[in-house]
Structure formats: C-alpha cells, structure tokens
Amino acid sequence: MPYLIAAVVLIGLLSALNLVLTLALVRRLRGHGAGDPGHAGPPMVLQPGSRVGDFTATTTEGEPVSRADLVGLVGFFSAGCAPCHELAPRFARLTTGLPRLAVVSGDDPELVAVLSPAVRVVVEDHDGAVSSAFQNTWTPALYIVDGGQRVVATGGRLEDLPIEAPA
C-alpha cells in the first residue's frame, strides 16, 4: 500500500509541474505576440533590397512575363485559400497606378475571374517559375518590385505595404 500512495503522490506532483510549465509557456508566447496573427505576417524569404530571381511565364491572356519587365505590385494567391479570396477583389480594384501581376497557384477559375479584368494573371503550380523566383511558399503574399527587379516592400495584406490608395 505505501508504494501505491507514493506512486499517486509522484504522479500528482508531475502533473502539477506540467501544468505550471504549460501556463508559463502560454504566458511567454502571448508576450511575444505569437497569439496575434494580425501582426505576424507571412514568412517572406525575399526581404526589401533582395533581387527577384530570373523567370519566364505566360499570363492567362497569352502575354509573356519575365523578370526583365517586372515592376509594380506582385500578389501570390492560391486555390482554396480563404484570405486569398478576401484579398483578391481589393487587389483587383487597387488604384495606385502600380502595374499588378497576380500569381494563382492551383486550379481556381473563380479566383482568376476576379483578378483577370484588371490584373495580369499567371496560373502555375505551387513550385512554378514565378513562385520559385520569389522563393514564395505562402499565400496571400504581396511584394512591391522596383525597376531594378528588387523587392521594395513585402506583406500579407495591402495595409502592410507603403501604397497610397488601398481599395
């Protein structure tokens, strides 16, 4: 019987220690903002100042696109991504004067239709030429690219970018 009592007490102490450590971890994560995805933003490999890799692609209208003529706002969207579907209409209505290119990963005719009237659209796999050139693995992801094919700004929302008139 004394062994049983000792085992129950030991398990109780270990459980209490586990609870204390878990609560400390939760408090620490909250303190670092890990629980606030609104400020976290997507994991961007290319940061401001980085040069976009070389690529060639074709838009849904049959227009060739390459790094050489890439200037403006580039957005990455994917099929089945709810935030992408929320961002797409605003991206299409944007009135900043910046040329726009949308890269849609996967088969999503609805997303392409929302973007197509106002934006050049490239449809490709998740590891397609444009995604590889930007080393992009996250959607939605937005980049502003200057005339030297260097990234000026990145973000996961239009509000993250230094643009004048988000729609």
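**Note on the predicted model**

1. Burial first. Of the 167 residues in the protein chain, 36% are buried. The model is predicted. The accessible surface of the protein chain is about 9,700 Å². Carbon and sulfur atoms hold 61% of that surface.

2. Overall dimensions. The protein chain has a radius of gyration of 23 Å, whereas a compact globule of 167 residues would have one near 15 Å. The C-alpha trace spans about 80 × 30 × 30 Å along its principal axes. Please keep both values in view when reading the points on contacts.

3. Secondary structure. The protein chain holds 5 helices and 7 strands. Read from the N terminus, the order is α-α-β-β-β-α-β-α-β-α-β-β.

4. Contacts. Take the contacts in the protein chain with a separation of 6 or more: 61% of them are between residues 24 or more positions apart.

5. Charges. There are 16 negative and 11 positive side chains in the protein chain. The centres of the two sets lie 12 Å apart. Side chains of opposite charge can pair when their charged atoms come close. How many salt bridges does the count come to? The count is 3.

6. Arginine 120 and glutamate 63. These two residues form a salt bridge, with the closest N and O atoms 3.5 Å apart. Arginine 120 sits in strand E5, residues 120–124. Glutamate 63 sits in the loop between strand E1 (56–58) and strand E2 (64–66). The pair therefore ties together parts that are 57 residues apart in sequence. Glutamate 63 has a relative accessible area of 34%, so this residue is partly exposed.

7. Arginine 90 and glutamate 159. Here the closest N and O atoms of the salt bridge are 2.7 Å apart. The pair links distant parts of the chain, 69 residues apart. Arginine 90 belongs to helix H3 (residues 82–93), and glutamate 159 to the segment after strand E7 (151–155). The cut-off for buried is under 20%. Glutamate 159 is partly exposed too, at 49%. The cut-off for exposed is over 50%.

8. Arginine 157 and aspartate 160. This pair also forms a salt bridge, and its closest N and O atoms are 2.8 Å apart. Arginine 157 counts as partly exposed, with 38% relative accessibility. Aspartate 160 counts as partly exposed as well, with 30%.

9. The cis peptide bond. Which residues does it join? It joins threonine 139 and proline 140, with omega about -10°. Proline 140 is in the loop between helix H5 (129–134) and strand E6 (141–145).

10. Glutamine 135. This residue is not a glycine, yet its phi is positive, about 55°. Glutamine 135 is in the loop between H5 and E6, the loop that also holds proline 140. Its relative accessibility is 40%, so glutamine 135 counts as partly exposed.

11. Glutamine 149. Phi is positive here as well, at about 60°, and glutamine 149 is not a glycine. The residue lies in the loop between E6 and E7. Is glutamine 149 buried or exposed? At 10% relative accessibility it counts as buried, because the cut-off for buried is under 20%.

How values were computed
Residues are numbered from 1 along each chain as its sequence is written. This is a predicted model: local features need pLDDT of at least 70, side-chain atom pairs count only at pLDDT 80 or more; totals for chains, interfaces and linings use all residues. Side-chain values use heavy atoms; hydrogens and water are left out. Helices (H or I, at least four residues) and strands (E, at least two) are DSSP runs, numbered from the N terminus. The radius of gyration is taken over C-alpha atoms; the globule rule is 2.2 Å times the number of residues to the power 0.38. Buried means under 20% relative accessible area, exposed over 50%, partly exposed in between (1.4 Å probe, protein chains only). Contact means heavy atoms within 4.5 Å. Accessible areas come from the Shrake-Rupley method with a 1.4 Å probe; for residues, only the protein chains shown count as cover. Lys and Arg count as positive and Asp and Glu as negative; His and the chain ends are not counted. The place of a charge is taken as NZ of Lys, CZ of Arg, CG of Asp or CD of Glu. A salt bridge is a side-chain nitrogen of Lys or Arg within 4 Å of a carboxyl oxygen of Asp or Glu.
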